[in-house]
Amino acid sequence: MSKSITVRYFALFREHAGIGEEQIDSDALTAGDLFAELQDRHGSSEPLGHCKVAINDEMADWGAALKDGDTVLLFPPVAGG
Amino acid sequence: MQIGAARIDPDALRRELFDHAAGAYVSFEGWIRNRNEGHDVLRLEYEAYDLIAVKEGEKVIAEAREKYALLQAHCVHRTGLLELGECAVWVGVSSAHRDEAFQACRYIIDQVKVRLPVWKKEHYVDGHSGWVNCERCAAYG
């Protein structure tokens, strides 16, 4: 069943997407599925393993299940310090 | 853990770590360098997702406290545009003896660099710019 998901993009992902946030309808079961779907759409090609994801402001695994109304934060490879 | 655009004042931060039980204090300052991977860097731009960066940073500091016998520990990371020579990140710890302080300081900065949602964009002298670790992902990790 299609879910309504709010996606927030940061740094490089925001530049690729051209927006900081969008609401989408998706059939993606997991955060990883959603990432793949959005990469296709926005022409991004960062390997999943270098990126991180948070769901509703908590760090999550790419295998985490998505539910209707979730806010998914997509973090490109971090570089603090 | 603090994240913000305000200039880092190492002396003021250091004073907050004073403790009569402390025999050692170790700090780390990360500065903006003029060269990275063959490029001449003009300035850096840091972006963070504050809410999770603070939460994750607190977790790192709590882990350091658990692993090492610390008295005080603190970390500050800047966001926004930073010029050459500015301090981008500061870590300070105090403990009874130096071994714990050295190890804990190292642990905190190493973890902060790889776990916090913080990104830096390098602006080069030649006018180009790039997100570190992204476009050059092959060199990452």
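**Where the chains meet**

Analyst: In this predicted model, 25 residues of chain B are in contact with 18 residues of chain A. Contact means that the C-beta atoms of two residues, placed from the backbone, lie within 7 Å.

User: What are the ground rules for a predicted model and its numbering?
Analyst: Local features need pLDDT of at least 70 and side-chain atom pairs count only at pLDDT 80 or more, while totals for chains, interfaces and linings use all residues. Residues are numbered from 1 along each chain as its sequence is written, with chains lettered from A and ligands numbered from 1 in the order in which they are written.

User: Back to the contact. Which elements of chain B supply at least two residues each to the side that touches chain A?
Analyst: Those are α2 (50–67), β7 (87–95), α3 (98–115) and β8 (118–124) of chain B. The largest share, 4 residues, comes from α3(B). Helices (H or I, at least four residues) and strands (E, at least two) are DSSP runs, numbered from the N terminus.

User: How do the residues on that side of chain B divide?
Analyst: Into 17 nonpolar, 4 polar and 4 charged. Ala, Val, Leu, Ile, Met, Phe, Trp, Tyr, Cys and Pro count as nonpolar, Asp, Glu, Lys and Arg as charged, and the others, Gly among them, as polar.

User: New topic. How many helices and strands does chain B have?
Analyst: Chain B has 3 helices and 9 strands. Along the sequence they run β-α-β-β-β-α-β-β-β-α-β-β.

User: And how much of chain B is buried?
Analyst: Buried residues make up 35% of its 141 residues. Buried means 20 or more other C-beta atoms within 10 Å of the residue's own, exposed means 12 or fewer, and partly exposed is in between, with C-beta atoms placed from the backbone.

User: Where does B:Asn36 sit?
Analyst: B:Asn36 is in strand β3 (residues 35–36) of chain B. It counts as partly exposed because it has 16 C-beta neighbours inside 10 Å.

User: What does B:Asn36 touch, leaving out residues up to four places away in sequence?
Analyst: B:Asn36 touches B:Val41 and B:Glu122.

User: Switching to chain A. What is the strand order in its open sheet of 5 strands?
Analyst: The order is β2-β1-β5-β3-β4, with mixed pairing. Two strands pair if DSSP finds at least two bridges between them. The edge strands are β2 (21–26) and β4 (58–60) of chain A.

User: In what sense do β1 and β2 of chain A pair?
Analyst: Antiparallel, over 6 bridges. A:Thr6 has A:Gln23 in β2(A) as its bridge partner.
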